[in-house]
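Student: I am new to this structure. Please take one part and look at it closely, then show me what lies around it.

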Amino acid sequence: MIQQMHHQAAGPILQPVSALAALVHRALRDLKPLTRVPEARTAAIAEQCGPAEIEAAIVWLDDLARDRREVQDWDRTALNEILRLQDLLHRILCRVPCDYFDAVAAGLKSPEWRTRIHVAMALDALDRRAALPHLRKALAREQDDQAGQVLVLTLARAESEGV
């Protein structure tokens, strides 16, 4: 039995643990409810992000998109908090180390169109040249009009700048 327990404990951890929630909580801790997280804090969080945190940000954006659909128009407090978190996660994705570009690009396959928009704009901010093929593929499979418009505009800007 001890050997069996040892064997189970020695197995690899399948899912890395993300520190993103703790980093975001610390960034929001002393801010008033509607205050935007300062750029310095956002940049500090982004510098600490690796693949696990980027994946967590994309999943979190998906969750927020679903929450946003459920929030009633009259519930401005809930809506404002969702928008604030979406904004923060978006700005973090725009500043993660470029080594993790592909981890961000994976978010273009999100089931949530709002997440795909955030990811497309983050890729544009990270490396417009590297983003072009990802954005073109995403546009070819995009079924949501709003996400498609953002992809078209992002591509047009990159192409007009001669990237």
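Tutor: Start with Pro111. Pro111 is exposed, because its relative accessible area is 64% and exposed means over 50%. The model is a predicted one. Pro111 sits in the loop between H6 and H7. Leave out residues up to four places away in sequence, and Pro111 touches Asp62 and Arg116. Asp62 is 49 residues from Pro111 in sequence. In space, their C-alpha atoms are 7.7 Å apart.

Now move to Glu112. The side chains of Glu112 and Arg66 form a salt bridge, at 3.4 Å from N to O. This pair links distant parts of the chain. Arg66 belongs to helix H4, residues 51-70. Glu112 is in the loop between helix H6 (101-105) and helix H7 (113-126). The two are 46 residues apart. How accessible is each partner? Glu112 is buried, with a relative accessible area of 8%. Arg66 counts as partly exposed, at 33%.

A search of the whole structure finds 13 salt bridges. Take Arg41 and Asp30. Their closest N and O atoms are 2.8 Å apart. Arg41 lies in helix H3 (residues 39-47), and Asp30 lies in the loop between helix H2 (20-28) and H3, so the pair ties together parts that are 11 residues apart in sequence. Asp30 is exposed, with a relative accessible area of 55%. Arg41 is partly exposed, at 26%.

Helix H3 holds a partner in another bridge. Glu39 and Arg91 meet through their side chains in a salt bridge, 2.6 Å from N to O. Glu39 is in helix H3 and Arg91 is in helix H5 (residues 76-93), so this pair ties together parts that are 52 residues apart in sequence. Glu39 is partly exposed, with a relative accessible area of 38%. Both also belong to a network: salt bridges that share partners join Arg36, Glu39, Asp87, Arg91 and Arg95.

Helix H8 covers residues 128-141, and helix H9 covers residues 145-160. They pack at an angle of about 145 degrees. Their axes are 10 Å apart. H8 passes H9 in a left-handed crossing. Which residues of H8 meet H9? They are Arg128, Leu132, Leu135, Arg136, Ala138 and Leu139. On the H9 side, they meet Gly148, Leu151, Val152, Thr154, Leu155, Arg157, Ala158 and Glu159. The residues of this contact divide into 8 nonpolar, 2 polar and 4 charged.

Last, consider confidence. The protein chain averages a pLDDT of 88. Of the residues, 88% score at least 70. Where is confidence highest, and where is it lowest? It is highest in H6, at a mean of 97. It is lowest in helix H1 (residues 2-9), at a mean of 43. Over residues 1-9 the pLDDT is below 50.

Methods
Residues are numbered from 1 along each chain as its sequence is written. This is a predicted model: local features need pLDDT of at least 70, side-chain atom pairs count only at pLDDT 80 or more; totals for chains, interfaces and linings use all residues. Side-chain values use heavy atoms; hydrogens and water are left out. Axes are lines fitted to C-alpha atoms, for helices over the stretch in contact, and angles run from 0 to 180 degrees between N-to-C directions. Helices (H or I, at least four residues) and strands (E, at least two) are DSSP runs, numbered from the N terminus. A crossing is left-handed if the near helix is turned anticlockwise from the far one by less than a right angle, and right-handed if clockwise. Contact means heavy atoms within 4.5 Å. Ala, Val, Leu, Ile, Met, Phe, Trp, Tyr, Cys and Pro count as nonpolar, Asp, Glu, Lys and Arg as charged, and the others, Gly among them, as polar. A salt bridge is a side-chain nitrogen of Lys or Arg within 4 Å of a carboxyl oxygen of Asp or Glu. Buried means under 20% relative accessible area, exposed over 50%, partly exposed in between (1.4 Å probe, protein chains only). pLDDT is the predictor's confidence in each residue, from 0 to 100.
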